[in-house]
Amino acid sequence: MLTSLSIGNFKAFGGIQKVPIRPITLIFGANSSGKSSLIHALLLTRHALETGDWNARRTALGGDSVDLGGFGAYVHRQRLETPVTLHFDLAIPADSTNLPEALRLGREVSLEIEVGAESDYCGNRLREGAPRVLRGRVRAGDSELVSFVHRQAEPLVQALGPNNLGALDQWARRGYRIERLSLDHPVFQAVAESQESRPDEDWMLRESLPRRSDLAWESLQGDIGLVADAGDLIPRRIEYLGGDADLKAQWARPSLPETRVGASCRLLRSLERLLEAVNGLLTRDLRSLQYLGPLRSLPPRYFEARDPSDANWVAGGAFAWEVVRRDEAVRGEVNKWLGPKGSLQVPYALTTRSWLDLEGAKSAIARELRAIRRDFPNKDMLDTDKPAGGGPAKDFICNLCSDKSLEWRRSLALLDQRNGAMVSHRDVGIGISQVLPVLVQAYGNQQKLVAIEQPEIHLHPGMQAELGDVFIESALGERRNTFLIETHSEHLILRIMRRIRETHLGKLPKEKNLAPVKPTDVAVLYVERDGDHGLVREFPLNERGDLVKAWPGGFFEEGLREMLP
């Protein structure tokens with residue numbers, strides 16, 4: 001599970017800034033301070049994971065809400081010579097039985113990558129070059145496990161010498177090389193101990209374990225390459241690229257010989273499994289990322305399903321209407337919040353109604369009418385043949401309803417519970433259309449990372465406060481979602497602070513059925529500018545829901561300032 005994100009040289013942020021990610025993370029700050037950039041960094045990484053493209057302008061998940069402009073626009077101050085740094089801290093789940101045992105010995109692993117513009121063979125950044133991951137390092141616990149560098153991130157002429165320029169292409173094809181491998185790291189010690197416990201290994205293998213300083217790793221280091229396949233955030237496949245035919249044959253063998261070289265190869269295969277596991281942990285979290293932009297679209301009066309050309313299907317919130325149309329459980333949860341006894345307290349409930357597409361039904365109707373005319377050639381027979389309440393008309397309807405060739409469609413509507421009238425979302429206040437996507441993200445997801453910008457838009461203060469309970473229920477209840485929320489709402493945070501205090505005092509309202517909220521469940525961040533650099537400051541909460549340190553310039557003191565001379 002992703003526990004923090006650190007970014008540097010990205011958009012407003014020059015120096016590296018850390019963003020703790022808790023079940024509920026609230027991001028505050030002035031306009032244009034860089035709040036949204038923290039979410040955009042995740043969208044960029046998700047885009048690169050899916051496409052391999054770090055030169056992103058738009059992302060599929062971000063739609064029109066996010067326009068990164070390509071590497072030259074999102075790198076801090078457009079300095080192509082400085083790479084963007086992305087650092088991810090990941091907690092290792094207790095039930096991760098598919099991870100290597102050695103990695104599960106620790107509780108946390110971290111991955112840091114530097115994304116920069118492509119270089120020429122002399123190490124000069126190419127303005128038109130495609131950005132890529134230039135360097136990376138993996139830490140397990142408190143110390144580095146391995147670091148790697150892309151071959152083209154180094155001045156290759158300097159590495160090979162002027163007399164070996166013919167080898168440049170072959171060198172560049174090798175992808176990444178291992179810079180440092182911490183053989184004394186506890187993870188590798190665990191690998192060594194697991195090898196040592198095998199009774200079939202002789203003294204030569206045991207003498208070649210990674211905790212020995214005379215390991216034959218040094219003889220292999222220059223001939224080992226790391227390869228990143230499509231969709232990899234980091235290289236996770238190891239290849240032997242040396243010219244020794246015997247070593248190449250040994251590396252290709254499923255079962256390695258009990259020699260020093262064999263032990264080294266076994267170590268590298270353990271490293272390969274570790275890199276794959278770290279990549280998998282981060283990939284899982286990024287693939288779970290959901291995003292809702294600050295400008296929610298208002299669907300047309302008549303709509304049924306997704307418009308394939310709509311780039312804002314997710315970011316603009318239109319997807320939410322389709323979810324509540326087809327998912328009865330989510331629709332029920334949303335109705336609880338909307339209804340007269342819910343938080344919004346409006347007299348409307350979401351419902352569905354079925355209807356028959358006339359175009360698709362024309363042939364079936366014509367067929368039934370021909371059958372009626374054949375069986376009842378004159379009007380008198382049609383009127384008197386069967387008693388009232390039955391007859392051809394009833395048969396006609398029943399036959400149509402049971403015709404499997406017809407396409408019955410289901411549309412979404414709002415039921416006015418005061419008079420039973422069916423109305424469209426276009427006939428009620430815009431607040432419902434803006435809050436619906438927020439509710440669907442909260443109630444329709446499970447164990448997802450959900451990023452939302454301005455959830456409070458077009459909502460009155462009371463509803464903004466009620467959203468705090470929605471996020472608490474979704475994050476700390478059975479759904480276990482993680483929220484990253486960029487907001488200006490004082491009412492939202494005050495409700496969450498209140499629930500922390502009530503948890504501490506044992507006074508959570510029973511009718512709300514809310515999960516207890518601890519200060520460690522919530523991160524409150526404030527983003528501000530220091531010259532042309534953005535800063536992220538965390539403001540911890542205590543058990544009474546109070547800020548431990550003072551908010552910059554006072555906590556949302558604009559209202560008080562306006563009331564007092």
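Colleague: How do the axes of helix α11 and helix α15 cross?
Modeller: In this predicted model, the axes of α11 (residues 328–338) and α15 (residues 430–443) come within 10 Å and cross at roughly 125°. Axes are lines fitted to C-alpha atoms over the stretch in contact, with angles from 0 to 180 degrees between N-to-C directions. Helices here are DSSP runs of H or I, at least four residues, numbered from the N terminus.

Colleague: What do we call that orientation of α11 and α15?
Modeller: α11 and α15 are therefore oblique to each other. Under 35 degrees is roughly parallel, over 145 roughly antiparallel, 65 to 115 roughly perpendicular, and the rest oblique.

Colleague: Which residues in α11 meet α15?
Modeller: Val330, Glu333, Val334, Trp337 and Leu338. Their partners in α15 are Val435, Leu436, Leu439, Val440 and Tyr443. Contact means heavy atoms within 4.5 Å.

Colleague: New topic. Which residues touch the most other members in the largest nonpolar core?
Modeller: Leu42, Trp54, Tyr74, Val138 and Leu271, out of 74 residues. Such a core is a set of buried Ala, Val, Leu, Ile, Met, Phe, Trp, Tyr and Cys residues joined through side-chain atoms within 4.5 Å. Buried means under 20% relative accessible area, with a 1.4 Å probe and protein chains only.

Colleague: Which helix gives this core its largest share?
Modeller: Helix α9 (residues 260–287), with 10 residues.

Colleague: And what does Leu271 touch?
Modeller: Val146, Ile178, Leu181, Phe188 and Ile238, leaving out residues up to four places away in sequence.

Colleague: How much of the chain counts as buried?
Modeller: 53% of its 565 residues.

Colleague: What are the ground rules?
Modeller: Residues are numbered from 1 along each chain as its sequence is written, and side-chain values use heavy atoms, without hydrogens and water. Local features need pLDDT of at least 70 and side-chain atom pairs 80 or more, while totals for chains, interfaces and linings use all residues.

Definitions and conventions
Helix = DSSP H or I, 4+ residues; strand = E, 2+ residues; numbered from the N terminus. Buried < 20%, exposed > 50% of the residue type's maximum accessible area, 1.4 Å probe, protein only.
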